[in-house]
Amino acid sequence: MSLRAGPAGARQQLPKMSNRLCYVCEGGDCTEMGSGDLFDKLRDLVKEFDPDEERIKIRRYPCFGACEHGVNVTLYPDKVFYSEVTEDDIPSIAAHIKGEG
């Protein structure tokens, strides 16, 4: 998995209770690489600590245009773009969303 952070590569600390969005690409290439299953696994993990989507909403996104780096996942307003995401990466992405990573 590759991680691209916001300005100057700095990670931003956000308040624990903020309205955030996480998009999982469902474009053709990402779908062929299993983005649907990754979406389901990430959503299920996040629902364990945010069942009512008060902290973050997990959504599908048509295509980021970075097919050669898929599966792609992005977090807003964090300005974080994950590429080459696999099932093994989902727990660490969920931990980041929770504020533990």
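In the predicted model, helices α2 and α3 are oblique to each other, because their axes cross at roughly 40 degrees, an angle that falls in neither the roughly parallel class (under 35 degrees) nor the roughly perpendicular one (65 to 115). The two axes come within 10 Å, and the crossing is right-handed. On the α2 side, the contact is made by Leu38, Lys41, Leu42, Leu45, Val46 and Phe49; α3 contributes Ile90, Pro91, Ile93, Ala94, Ile97 and Lys98. By class, ten of these residues are nonpolar and two are charged, with no polar residue present.

The largest nonpolar core comprises 20 residues. Within this core, Cys22, Leu42, Ile58, Val85 and Ile97 touch the most other members. Two or more residues each are supplied by the helices α2 (35–49) and α3 (90–98) and by the strands β2 (20–25), β3 (56–61), β4 (73–76) and β5 (80–83). Leu42 and Ile97 also take part in the contact between α2 and α3.

Asp88 lies in the loop between β5 and α3. This residue is exposed, because its relative accessible area of 69% is over the 50% cut-off. The C-alpha atom of Asp88 is separated by 9.6 Å from that of Leu38, a residue 50 positions away along the chain.

Note on methods. Residues numbered from 1 in each chain as written. Predicted model: local features only at pLDDT ≥ 70, side-chain atom pairs only at ≥ 80, totals over all residues. Heavy atoms only, no water. Core = buried A, V, L, I, M, F, W, Y, C linked by side-chain atoms within 4.5 Å. Buried < 20%, exposed > 50% of the residue type's maximum accessible area, 1.4 Å probe, protein only. Helix = DSSP H or I, 4+ residues; strand = E, 2+ residues; numbered from the N terminus. Axes fitted to C-alpha atoms, helices over the stretch in contact; angles between N-to-C directions. Parallel < 35°, antiparallel > 145°, perpendicular 65-115°, else oblique. Left-handed = near helix turned anticlockwise from the far one by under 90°. Contact = heavy atoms within 4.5 Å. Nonpolar A, V, L, I, M, F, W, Y, C, P; charged D, E, K, R; others polar.
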